[in-house]
Structures are given as C-alpha cells and as structure tokens.
Amino acid sequence: MRPTPRAETFPANTPAASQVFTTVLSQGPLPRLEVARRVGLSPAAVTKAVRPLIEAGYLVEGVDEEARPALGRPANLVRVDGGRALFIGVKVTGDEIIAVLTDLCCRIRVARHLPLSEREPKAVLAGITDLVQQLLGEADGSSAPVLGLGIAVSGDVDRGEGTVRYSPFLEWRDVPLAELAAMTTGLPVTVDNDVRALTVAEQWFGAGVGLSDFAVVTVGAGIGCGLVVHGRVVAGAHGVAGEIGHVTVDPAGPLCHCGNRGCVEAIAGEAAIVRQIREATGAELPDAEAALALAREGVAAARDVYARAGEAIGRGIATVANLLGPERVIISGEGLAAYDLFAEQIRDAFVAAAFGSAARCDVRTHPLPFDEWARGAAATAIQSFIGPDTSR
Ligand SMILES: [Zn+2]
C-alpha cells in the first residue's frame, strides 16, 4: 500500500492569496498589474501575495515567448504550475462512481468509472476508496504529491462539516462522508453538493469565467441549480441555496418525493417524465431513454410531457432571474439529451415569467459529461487546499 501522502499546506492562507491564485488559475497567464486590476488589490498587495506562492512553486513568472510583442518590453506573466500538485475528484451518481486525477490547473490526467450496484454508504465508500487507490497508483509515476480529494454528491450537503445530510437518490441521511473517506484514503477530503461543485468548475474554467453573477441549472435525474453571486458560489445559511427543483410551479400538480405538489422536479425530473409518459400512453417504459425514444417517434402524448417539463424548467429559471438577476444561466445535465423537445418551451416560459430586464439574462446550454462533474469535485478540493473558504 502506498504510504500516506505527505501533508502539504498552501503557504499563504489569506483571502488575498487565494483570490490572486484563483484569478491566475482561471484567467492566467497574466501580468502582475493585470492581476491587481482584476482582483481589485494594489500592485504591492499582489506582489506580497504572489511571493510565497512563487517560492513554493505553485506560481511561476516569466516571459511568454509566444506572446512576445514585436516592439517594446515583453511582459512578465504569472501562471500556475499545473504539474506542481495533483488532486482527485469524485462524482457519485445513482448508478456509477466517476473519479478523475487532475493537476493543479484542474486538467484531467486520468478518468475512471465504476458501476454502482448498491447505494448504501458502506458500498459507495468502498467504491470511492477503490477508485482513489487506482488513481494514487497512477500518480505514483509523477513527482507531484496528491494533495486533496473532492467528492460531489447530489442533495443537501454540508461542506463545512463534510456531511451528506440528505441525498434522495442515494437514500442517505446524515452520512459523515468526509470523515469516512479521509480514514480510508488518507487524504484531506472536501464533500460538496454536486451541482455546486460543477458550478465551481464552470466559474473557473467554463461558461462562467469572468462573470460575477451567473447560475448553472442542471436537468436530469434531479433539477439542480448552482448560484454565483458577486463572484462567490453561494451555499446559503443552511447549505441548500438554489434548490429550484423544489420551487412550486403548479400547486395542483403531481406529488414530489419531497412531499409537496407541483415542484419543478416533480414535473421535469427524469423519473417524473417517465412516469407521466407511462400514464399518458400506457406504454411499458423501462427508463428515460425509452421515454425519449417514444417522443422522438412523434407520439403526441409523450411530446406533451416534455413540453410541460420545459415550461416548468423555464419558470424555475425565471425565478432565479427574478431573484438574483444573473448575467447568464447555463443549462446542463444529462437531461439535455432531450433538449430539442423542450428548448422552445423553456425559452417561452422563461420570457413570460421573467420580470422586465431580468429577461435579458443570457440563457444558454453547455452539455457537460460526468467527467466534468468529477472535475468540479477536484476543483472543490483545490479550493479547500488554497483556502480560506471562498465558496460561501
Ligand atoms: Zn419537491
């Protein structure tokens, strides 16, 4: 067995250092002056924050030969040395565990998938541990240490305590996952809600780069939402900010697993769509793929169910736009496979329900495979490593 990786800490545990590092990570390479402008700090404060990070090898500074101007002095650019450290990200779905090994720039080096036949915490933990050991083996050939593990799980997750309070798809309640996984892997562990983890990845490397206010809405087994307000991923006082899946859009609508009626998820979640199409057509439908196939064949009752799902999602997005006024809403998730069946309804319901200028919000889609969700989990581990916690 591999010895426990040496504990290494980030050399500058200040808000300025983590802000500078995150800016260079997501927007670099940049000249120091530009870093200062983007984070709103003085050049002297940036120099102070950068020095220990360069000494420890996390940041490097030098002339970018490719960008050397024809005239004038070439600018010294600061960038992250991706090969300096490694991280592991894990995403747990209802039937699969996906794990990725990334470098410090959160670029995926290796991805591994493991089918999940049982959902009890013990079985899932064994699967996570197995995949992490495999990836630690892959990392052995590299000189860089593995400095953290991020795990993303759907549902109500308390990142501060590292506890999954309630995950409907896994049927978990109060599982201290961070503590358990730290014991089995020997790594520092960050556990977060999966959509929030994906939102961190979108903020750093995806369709949210450079935006101070945006939302990620995921459609699929559940309807989730990650919110970035003033540049921060919001968790809220109770860790459940952005639960648009349980916004009521039809008080007389179908019963939701949360106990209420007519939630967005009770109309547009994968299981809800399959059940409604089954009821409307009497067809035997084993899964969402079969439901989608029926709608693609042109069965009107099946297409209507997708249309109503799109309407519910559009209203949910309008609720986000009316409350927070994000610049952009990014729709993602495995449910995008059916996007052509409800894109128009999402757009129409959004425009109808968004108030005034809120409708100017840029609503776009960004399909992301589960590897990207696991990468988001690795991003939360990097975030914890560079601390202090800027995620709420
Ligand atoms: Zn609900």
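Modeller: Keep in mind that this is a predicted model. The four donor atoms around the zinc ion subtend angles of 104 to 122 degrees, and because of those angles the arrangement is tetrahedral.

Biologist: Which residues coordinate the zinc ion, and at what distances?

Modeller: The zinc ion is held by H246 through ND1 and by C256, C258 and C263 through their SG atoms, at 2.0 to 2.4 Å. Along the sequence these donor residues follow the spacing H-x9-C-x1-C-x4-C.

Biologist: And C256 and C263, buried or exposed?

Modeller: Both C256 and C263 are buried.

Biologist: Switching topic, how many aromatic pairs are there?

Modeller: The count comes to nine aromatic pairs. In one of them, the ring centres of F10 and Y58 are 5.4 Å apart and the planes meet at 45 degrees, so the pair is tilted. F10 belongs to the segment before α1 (15-27), while Y58 is in the loop between α3 (43-55) and β2 (59-63), so the pair ties together parts that are 48 residues apart in sequence.

Biologist: What else is there around Y58?

Modeller: The charged end of R84 sits over the ring of Y58, 4.5 Å from its centre, and ring pairs link Y58 with F10, F21, F87 and F385 into a cluster.

Biologist: Last one, where is C361, and what does C361 touch?

Modeller: C361 lies in the loop between α11 (339-353) and β16 (362-365), and C361 counts as buried because its relative accessibility is 6%. Leaving aside residues up to four places away in sequence, C361 touches P326, E327, R328, V329 and F350.

Technical notes
Residues numbered from 1 in each chain as written. Predicted model: local features only at pLDDT ≥ 70, side-chain atom pairs only at ≥ 80, totals over all residues. Heavy atoms only, no water. Helix = DSSP H or I, 4+ residues; strand = E, 2+ residues; numbered from the N terminus. Buried < 20%, exposed > 50% of the residue type's maximum accessible area, 1.4 Å probe, protein only. Contact = heavy atoms within 4.5 Å. Donors = N, O, S within 2.8 Å, 3.2 Å for Na, K, Ca; no water. Tetrahedral: all angles 85-135°; square planar, octahedral: opposite > 155°, others 65-115°. Phe/Tyr/Trp six-rings, centres within 6.5 Å; stacked < 30°, edge-to-face > 60°. Lys NZ or Arg CZ within 6 Å of the ring centre and 35° of its normal.
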